[in-house]
Amino acid sequence: MTPRDASDANDNPWSDLDRPPLNGTALRRALVREGGLWGDVRVTPRTGSTNSDLVALATDEKVDEGVVLVAEEQNAGRGRLDRQWTAPARSGLFFSVLLRPTGVPVERWGWLPLLTGVAVATALSRVAGVDTALKWPNDLLVTVGGEERKTGGILAERAGNDTVVVGIGINVTLREDELPVPGAGSLALAGATTTDRDTVLRAVLRSLEQWYEKWRAAGGDPAASGLQETYAAGCATLGRVVRAELPGGTSITGEAVAVDGDGRLVLATEEGVQQPVGAGDIVHLRPA
């Protein structure tokens, strides 16, 4: 395959026919409906971070819930712990959604990134035929050549008192020589039945709407909404020995045995203590 010039691809959205641009008008027509969650779908050619843009929008304007912002390219995308997320233009889906979970106690909002993971994994399995596992708290894993690789991530941020912005990044057509790190993957490398970003984005947003409405209707109760059980069933972290690298430089090692009602990962340590972890970087040490 002839290498493509990255600068040409960035300037001309049709220079790489394997990566056609998204059609904002078609996406709005397909996803925006009366009584539905999604009120607007905006596609921008390039931005720093869709999360930062939506947080600013929520702060500066009185906007309704359900705005979706999609970028064909991000040059300052962020993951957890402010890690950078970069990829070639139109090689993935980089988007954020603005949610106002009224009626749900704030202490249950921590389930939103886990809910998003369930929604994305469900959609990818259904529409692209790719078994997608969840690494607590917010990584999306696929299998490439028998190896577990990260193909996406989720970042939720508060925007004022009543708003959460959830950012989602999914590597769709990233090729082996384009991977940012050796442990990365993409839907294409995992043998997806489709890498049409329009099809995948529609499926993800519809799945997210269904899970969000179910969770909100249950007052954010993860058990009553089925979220806790579904997340645990798809979580590749459970049953493994892991190391939790905690804020402040400390760490805990143990077997991941459960996700509790607050969305925390529960580790069973060698000392016989069950330690819940609410935030941290998880390293899988042994397969389940």
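This is a predicted model: local features need pLDDT of at least 70, side-chain atom pairs count only at pLDDT 80 or more; totals for chains, interfaces and linings use all residues.
**Ground rules.** Local features need pLDDT of at least 70 and side-chain atom pairs 80 or more, while totals for chains, interfaces and linings use all residues. Residues count from 1 along each chain as its sequence is written, and side-chain values use heavy atoms, with hydrogens and water left out.

**Sheet.** I looked up the strand order and got β1-β2-β5-β9-β8-β7-β6, an open sheet of 7 strands with mixed pairing. Helices (H or I, at least four residues) and strands (E, at least two) are DSSP runs numbered from the N terminus; strands pair if DSSP finds at least two bridges between them. β1 (40-44) and β6 (133-135) sit at the edges with a single partner strand each, so one side of each lacks a neighbour in the sheet. I noted an average twist of 25 degrees from one strand to the next.

Next I checked β2 (residues 67-71) against β5 (residues 92-99): they pair antiparallel over 4 bridges. Ala71 stands opposite Phe94 in β5.

**Helix α4.** I found α4 (residues 112-128) packed on the sheet, touching β5, β6, β7, β8 and β9; contact means heavy atoms within 4.5 Å. Its direction makes about 35 degrees with that of β9. Axes are lines fitted to C-alpha atoms, for helices over the stretch in contact, and angles run from 0 to 180 degrees between N-to-C directions.

α4 also packs on α6 (residues 227-234) at about 60 degrees, axes 10 Å apart. I listed Leu114, Leu115 and Val118 of α4 and Leu227, Thr230 and Tyr231 of α6 as making the contact.
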